[in-house]
Amino acid sequence: MRKLQVALTAAVLTVSLAACQTQPTKEQTGTVVGGVLGGVLGSTLGEGKGKTAATIGGALIGGLLGSSVGRSLDQTDELRATQALENNRTNQPATWRNPDTGNQVTVTPTRTYTAPSGETCREYNTTVTIDGRKEKAHGTACRQPDGSWKIVS
């Protein structure tokens, strides 16, 4: 369950940082991502005839958890995470407490490199503290021609 929550946090932050013309709400995104990840986890854990039930149960539970985490991140968190990727040196964390949710978020760029496509990319670690529970994740984002950051993993 802990790995699922970490994956959900990473996925929600990933979708939040990605620039789209019509973005779904963070709650909707969290629900979808959580449902997919939960279904995959359930499918991995289930065996035989119980595999289908485990997949469906995992998807439902993942969707509920993802919805909750998605609601906990807002535009303030998205902006601060983008600023950390753009401005912080490698291994220099950006930490903030969201005044509306009370959540604490830390984004730390860990490596900067140029991709074969010529894009500047950064690996980063994220820690989100929600109701006293720390969730950690790792990802990679690349700067797009318009200056936005797109999550690639």
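Which exposed residues does the face of helix 4 turned away from its buried side carry? The structure examined here is a predicted model, in which local features need pLDDT of at least 70 and side-chain atom pairs count only at pLDDT 80 or more, while totals for chains, interfaces and linings use all residues. Residues are numbered from 1 along each chain as its sequence is written, and side-chain values use heavy atoms, with hydrogens and water left out.

Helix 4 comprises 13 residues, 75-87; helices (H or I, at least four residues) and strands (E, at least two) are DSSP runs numbered from the N terminus. From its first C-alpha to its last, helix 4 reaches 18 Å, close to the 18 Å expected at 1.5 Å a residue, where the expected span is 1.5 Å times one less than the number of residues. Its buried residues are Asp77, Glu78, Ala81, Ala84 and Leu85. These residues cover an arc of only 125° around the axis, which puts them on the same side of helix 4; the arc is that of the directions from the helix axis to the C-beta atoms. In answer to the opening question, the face turned away from the buried side carries the exposed residues Gln75, Leu79 and Asn87. Here, buried means under 20% relative accessible area, exposed over 50%, and partly exposed in between (1.4 Å probe, protein chains only). Asn87 counts as exposed because its relative accessibility is 57%. Asn87 and Pro109 are 22 residues apart in sequence, and their C-alpha atoms are 9.5 Å apart in space.

An open sheet of five strands shows antiparallel pairing in the order 1-2-3-4-5; two strands pair if DSSP finds at least two bridges between them. Strand 1 (94-97) and strand 5 (149-151) stand at the edges with a single partner strand each, so one side of each is left without a neighbour in the sheet.

Strand 1 pairs with strand 2 (residues 104-114) in the antiparallel sense over four bridges, and Thr95 stands opposite Thr106 in strand 2. In a regular strand the side chains alternate between the two faces of the sheet.

The charged end of Arg111 sits over the ring of Tyr113, 4.3 Å from its centre. This description requires NZ of Lys or CZ of Arg to be within 6 Å of the ring centre and within 35 degrees of the ring normal.
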